[in-house]
Amino acid sequence: MSNRMIFVVSDSVGETAELVVKAAISQFKDLNTEIKRIPYVEDIATISEIITLAKDKSAIIVFTLVVPDLREHLHKEAEREGVEVYDIIGPLIDKMGTLYDTFPSHEPGLVRKLDEEYFKKIEAIEFAVKYDDGRDPRGILRADIVLVGVSRTSKTPLSQYLAHKGIRVANVPLVPEVEPPEELFKVSPNKCFGLKISAEKLNNIRRERLKSLGLNDQAIYANIDRINNELSHFEAVVDKIGCQVIDVTNKAVEETANIILSVKNKRKII
């Protein structure tokens with residue numbers, strides 16, 4: 001059997017249509033075909049050129065066009081020129097709109113946008129896990145947002161919350177006995193946020209944490225003098241960085257995240 005040509009036409013990338021065509025071709029063992037993908041078709045003139053070329057090559061046109069005017073023009077022109085066409089997505093969009101009594105947006109590329117957002121979120125979640133709790137300071141320079149604070153200031157849950165919005169977050173715990181990583185003073189202070197908390201609140205949180213672990217709540221970790229020492233160290237470090245400080249004493253993670261997102265949008269730092 002001689003070679004057959006199939007034009008895959010789309011107002012987006014055309015991956016969906018090409019996969020469908022390849023799946024169909026796989027059912028024919030003796031069918032020799034050549035697939036030519038033509039993506040980002042956005043005007044009637046281009047469609048007319050494709051139909052002329054398809055007629056010359058005796059090709060079939062398989063397409064995913066969501067804009068009604070383009071679909072209608074392709075159907076009419078193809079019929080007039082005797083070119084075979086197959087609309088993969090149009091009939092399904094029309095059927096769903098009728099059955100569900102709603103109107104489609106007719107916006108090309110939405111599936112790809114959703115995919116990109118999904119994979120961006122997954123990457124951000126993996127990033128937050130990898131660079132949680134200062135375990136690898138190299139992440140500081142790669143992060144969109146860097147959180148700095150003493151232990152039990154919700155750095156990890158805040159990192160994960162922001163990661164689910166596609167933001168790569170590294171967080172760094174501050175301890176007086178340990179020098180902060182040098183990367184912390186190389187990254188833009190606009191990307192850094194210090195998480196401040198009152199000594200009394202932190203004391204309560206740490207005591208409850210120790211109790212939940214079955215430990216003595218009078219341990220040095222929850223000692224008020226120790227906490228004040230840590231908070232003084234925190235103030236010195238964030239002053240040196242020059243970053244914005246957020247008081248998280250009585251804030252939920254969502255509230256703190258909204259403040260960071262608001263600042264991020266104003267500064268356009270991501």
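1. E177 is exposed, with a relative accessible area of 53%; here exposed means over 50% relative accessible area, buried under 20%, and partly exposed in between, with a 1.4 Å probe and protein chains only. The side chain of E177 meets that of R226 in a salt bridge, 2.6 Å from N to O. A salt bridge is a side-chain nitrogen of Lys or Arg within 4 Å of a carboxyl oxygen of Asp or Glu. E177 lies in the loop between strand 6 (169-173) and strand 7, and R226 in helix 9 (residues 224-241), so the pair ties together parts that are 49 residues apart in sequence. R226, at 17% relative accessibility, counts as buried.

2. The model is predicted, so local features need pLDDT of at least 70 and side-chain atom pairs count only at pLDDT 80 or more, while totals for chains, interfaces and linings use all residues. Residues are numbered from 1 along each chain as its sequence is written, and side-chain values use heavy atoms, with hydrogens and water left out. Helices (H or I, at least four residues) and strands (E, at least two) are DSSP runs, numbered from the N terminus.

3. The structure holds 18 salt bridges. One of them joins E18 to R37, with the closest N and O atoms 2.5 Å apart. This pair links distant parts of the chain, 19 residues apart: E18 belongs to helix 1 and R37 to strand 2 (residues 33-38). E18 is buried, with a relative accessible area of 13%, whereas R37 is partly exposed at 34%.

4. Another salt bridge is formed by the side chains of R71 and D94, at 2.9 Å from N to O. Distant parts of the chain are again linked, since R71 is in helix 3 (residues 68-81) and D94 in helix 4 (residues 90-99), 23 residues apart. R71 is buried, with a relative accessible area of 9%; D94 is partly exposed, at 40%.

5. Why is strand 7 described as largely enclosed by the rest of the structure? Of the 5 residues of this strand (residues 192-196), 4 are buried, and therefore the description applies. Strand 7 pairs with strand 5 (residues 145-149) in the parallel sense over 3 bridges, two strands being paired if DSSP finds at least two bridges between them. Strand 7 also runs parallel to strand 8 (residues 244-247), to which 4 bridges join it. F193 of strand 7 is the bridge partner of L147, and F193 has Q244 as its bridge partner in strand 8.

6. The second largest pocket holds about 340 Å³ of space. It has 16 lining residues, of which I6, V21, A24, I60 and V62 are the closest to its centre. On a 1 Å grid over the protein atoms alone, a pocket is an open set of points where a 1.4 Å probe fits, with protein on both sides within 12 Å along at least five of seven lines, and lining residues have an atom within 4 Å of a point. The volume is the space filled by probe spheres set on the points, which are joined across faces, edges and corners.

7. Strand 1 (4-10), helix 1 (15-25) and strand 3 (60-64) each supply at least two residues of this lining. Helix 1 gives the most, with 4 residues. The lining divides into 13 nonpolar, 2 polar and 1 charged residues. Ala, Val, Leu, Ile, Met, Phe, Trp, Tyr, Cys and Pro count as nonpolar, Asp, Glu, Lys and Arg as charged, and the others, Gly among them, as polar.
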